[in-house]
Every structure is written in structure tokens, then in C-alpha cells.
Amino acid sequence: MSVRLTVEKLGVSYRGDGRETEVLKDVSFELRAGERLAIIGESGSGKSTLALAIAGLLPPGSRVDGDVRWPELERRPVNGRDLGFVFQDPSSSLNPVLTIGEQIAEVARAHLGRSWREAYEHAEMLLGRVHLPDPASALRAFPHQLSGGQRQRVAIAEAIAARPGLLIADEATSALDTIVQAEIVRLLEELVAEDGMSLLFISHDIALASQIADRIAVFRHGRLVEIGDAGQIVDAPREAYTKSLLAAHMGLDTPSLLAPEAVA
Amino acid sequence: MTAPLLAATNLRKRFDSRGRAVAALDDVSFEVAPGETLALVGPSGSGKTTAARALMRLTELDGGEICFDSEDLLALKGARLRAVRARLQMVFQDPRAAFNPRATVARVLDDPLRIHGIVPRAERPEAIAQLLQRVGLSPDLATRAIHEISGGQRQRVAIARAIATRPRLIVLDEAVSALDVSVRGQILELLLDLQRSQDIAYLFISHDLGVVRAIAHRVAIMDKGRIVETGKAAEVIANPQSSTGRALVAAAPKLRHGA
């Protein structure tokens, strides 16, 4: 399968308070077309900086070393057109004073050259694809009229509106309850498969990552600690840090921390 | 069976949402025994946080009774309410939002000791040092500002503040949800250690069944303002009877082996 994204020796430093902080160091990996790669890490691991660097959204004054290349493109990637971005808080990516229809149609107009009328039809189709009930009336709704889970569906519809080759989901389900989280993960899987998108799924939750990703990359303190097939990372991690993340996971089969007589 | 420490009976609360009345609490009843952890679990909007806020008297109920430590909590006012508040504490999800960011750690811990008249002024620095040690922090941290310390340290300070008044019940509202997984385990161990040594009961509010299974004795599953299922945590999670219980179990992230 062709390579969609090559990250080579990527380093990012932020400048502030008169000093430079290195937040990403010497990161290299490839993402193939249609592949789902999870980026796992705790706070300060650099996982969100990686997403911003790939999207070219780093704050001004950041120093970037190394390369992010898009081998299939013969031009610079365009946000919205070549990559879609879904953030943790859908309210931050939706405009509160525009209807849902306007903001999705805007993407179709800007990147696909559709007329407003065609763009609205496209938006309605997309709202159906993200399983929003009653897409036709959702077009006329404002973001505040929807639940958190529905807003994230709208943000996803907007992110995929121009059929980008890469979808970046940065903690896109972390603010949602587990039931809605599972629905959104299923939706992402479905959309990625249908459109042949590559997915960069950024999360602090290694179990969730193992459910959606083909491969998992583990980050810590700005470095790529380990990358491998999801099964290898879960069943045969090579690095002690990966093992500690797996040990810290609390699943439904994890023994209770309470004394045995207390739970009997 | 010992008398419950907390008995909430027939709690009712309606909110107006876009012109429609929505029942946040629809005849909700539960009990917590001394030294016990009851988890309230449910999807967003199920009413679990409203129940917690009602206990703290941060939300006025439309109806129902709350008996805490043999007192009618909803009838208390003034000095007697303040006295009960010392025995009933709360820790929130985001410790950053729960503190004045510019206050020092010492100031944050001095407040409850002073307001509730627990420790005379001259002895407070020593009491603060002991509280910090109790939650696994260095007493040297006392002079640091809240915004200077890490998220895990901040949540430990929030717990230190909560235990400063020697409470019998602490409401933990998604108190470990925002923490890194490596820190989360340590905070859960700390909570259990405090529970064992000081017989503190917890009302543990969460949407994460994995964490609930690890720490709670009993669980009450809420949906749309009602308790739909209740029982021992391990039993309910192993064999949920309600559709909400089954949905929460199915949705809990699981490590996918052998992929």
C-alpha cells in the first residue's frame, strides 16, 4: 500500500519565557494509505504537538526540525482538503453563530468548488453518514442545540467533508461518556474504511487505541518509545514504559483493589 | 447491619431545557454505610452529578430527604450546616478549577483548618505538613503556588483539603478521570488507604466502569434521572441486568489481545 505520510526525524521546540522547551525529539514513522495508527501517551508526551506539526498548526515561534512529507501529493497539503482534524472539544471547532449546514457547506464550497445549493446537499449527505438523526433539520440547527456526542458527529462530518486522505482525531472521544465514546469510535472506523482514509488516533487510553488501531505508537517525554502492530504492543510490548501503561489499564477483568472480604 | 451514614430518599429535581422540563433526578434513593464506597455510574445527563451537588447543597432539590450522620441535611442552616459540611467533603474532576490558582498550597489547606476551627493558629503549619505527608506529598510543597505543581500533585492537595476537616463522607466527582493513568492508580491507592485508616465513606461518581470495579463496594447505575440497577460492584459489572448497565459494560474500553 502506498505511503500517505512520512514523518522523519521530527523535532519541535516551543519558545517562551526566554527559554526553549523541546517537546518532540527525533520522531520518525510512516503512515500508509488506509492505515489506522494510534498515538498513545500521557500528558507532556508530545502527542498533541505531533498532530499540530503534521497539520501545520504549531504556534508561531515554534522551531521545527526534520520533515513531514506527503508522498502522494505534488503540492503542499491543504488543511480541510488533504487532512481533517477532530479535536477533543467539538465546541472549539464549531462556529457557535453559524448553522450546522452553513459550516459544513462552507468546507464543500471552499475545497470542492461546489455551489451553495450543491454544498448544502453534500452537507445533508454527510450528516446522514455520521448518523445524526434527521439530517435535514440538523442542517438548520446551531451547535448549542445539540448534545456533546452529536456536536462531535458534526465536527467529524466537517472534517471529512472534502474527503481528505488523512483524518486526525486528537482525544476526540475523551470528553464523552463511555457509551458515546464507543459509538464515535465505531463511526470513525466505518468512515475510514468507506473512504480509504488514513487515521491518526491520538489518545491517552491504550485499550481504546487497541480497539481501533492497526498499529500503536507509544510516546513519552516527546520521544517515540515504541511502535508496532496493535497485537504486538498489547501482547508482547518491548519497552518497560509500554508495559507500565498496560499494567495501569483498569479493565473489567482487573482485580478489585479492595480487600477480598469487602467485595465478596 | 449498621445504620447508614447517608440516606438519600426520593430525590427529585427538574430542570428547564429549551422550554421542556427535564427530570434530572426522578425519585432517586440510595444509602451509603460508614467506610463504604458507593459508585454512581451512568452516561452524561443521567443525573449523577446533580445527585452529588444536591448532597453538597449546591443544588436545591424539588423534593426528597437527605439524612446524613443522623441529621436532616436539607433542614440545616447557618452554623449547624457549616458544622455538617466539615464532615461532608467533595473532590472535583479538575483540581485546577477547584482552587484559586495563585494561592499557595499552605493557604489552600489552612482555610478549612481555620474556618472549621479545627487547629489553633500556632499549630496550623505543623498540621498542614502532616496533611501533605498523609497524601504522599513533601511538606516543602506548602510554599508553592497551586498553578506551579503537577496535576497529580494538585489532586493530592484537593484530597488533603477534603480530609483536613476529618470528614465521614467524601463525594468524588470524576476525581480521577483527568489524571494520567500512571498517577490514577496512586490516587486510588491513597483513597483506599485513607478509607481504611479513617473509616471514610465515598460517593464515587464516574462513567468509567474499570475504575469503579477497582474501588467501589457497591454500584448504582443511573440513566435519565433514575437508578436503574444497584448491587455489589463486581456482580453488577459481571452480570448487568439493566439495558444501561449492559451498554456501559459493552462500551468499556478493553485491551484487544491477539490482534
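This is a predicted model: local features need pLDDT of at least 70, side-chain atom pairs count only at pLDDT 80 or more; totals for chains, interfaces and linings use all residues.

A salt bridge is taken here as a side-chain nitrogen of Lys or Arg within 4 Å of a carboxyl oxygen of Asp or Glu.

In chain B, D111(B) forms a salt bridge with R114(B), with the closest N and O atoms 3.1 Å apart, and both residues lie in helix α4, three residues apart, about one turn of the helix. R114(B) also forms a salt bridge with D110(B), where the closest N and O atoms are 3.2 Å apart; these two residues of α4 (residues 105-115) are four residues apart. D110(B) is buried, at a relative accessible area of 16%, whereas D111(B) is partly exposed at 23% and R114(B) is partly exposed at 37%.

D208(B) forms a salt bridge with R184(B), the closest N and O atoms being 3.7 Å apart. Because D208(B) lies in the loop between β8 (201-206) and α8 (209-215) of chain B and R184(B) in helix α7 (residues 181-198) of chain B, the pair ties together parts that are 24 residues apart in sequence. R184(B) is buried, with 10% relative accessibility, while D208(B) is partly exposed at 24%.

Elsewhere, D69(B), E71(B), R80(B), R87(B) and R168(B) are linked in a network of salt bridges.

## Helix packing in chain A

The axes of helix α6 (residues 148-159) and helix α7 (residues 178-195) of chain A come within 10 Å and cross at roughly 15°, which makes α6(A) roughly parallel to α7(A). The contact involves G149(A), Q152(A), R153(A) and I156(A) of α6(A), and, from α7(A), residues including V180(A), E183(A) and L191(A). The contact residues divide into six nonpolar, two polar and two charged.

Definitions and conventions: Residues are numbered from 1 along each chain as its sequence is written. Chains are lettered from A and ligands numbered from 1 in the order in which they are written. Side-chain values use heavy atoms; hydrogens and water are left out. Axes are lines fitted to C-alpha atoms, for helices over the stretch in contact, and angles run from 0 to 180 degrees between N-to-C directions. Angles under 35 degrees count as roughly parallel, over 145 as roughly antiparallel, 65 to 115 as roughly perpendicular and the rest as oblique. Contact means heavy atoms within 4.5 Å. Ala, Val, Leu, Ile, Met, Phe, Trp, Tyr, Cys and Pro count as nonpolar, Asp, Glu, Lys and Arg as charged, and the others, Gly among them, as polar. Buried means under 20% relative accessible area, exposed over 50%, partly exposed in between (1.4 Å probe, protein chains only).
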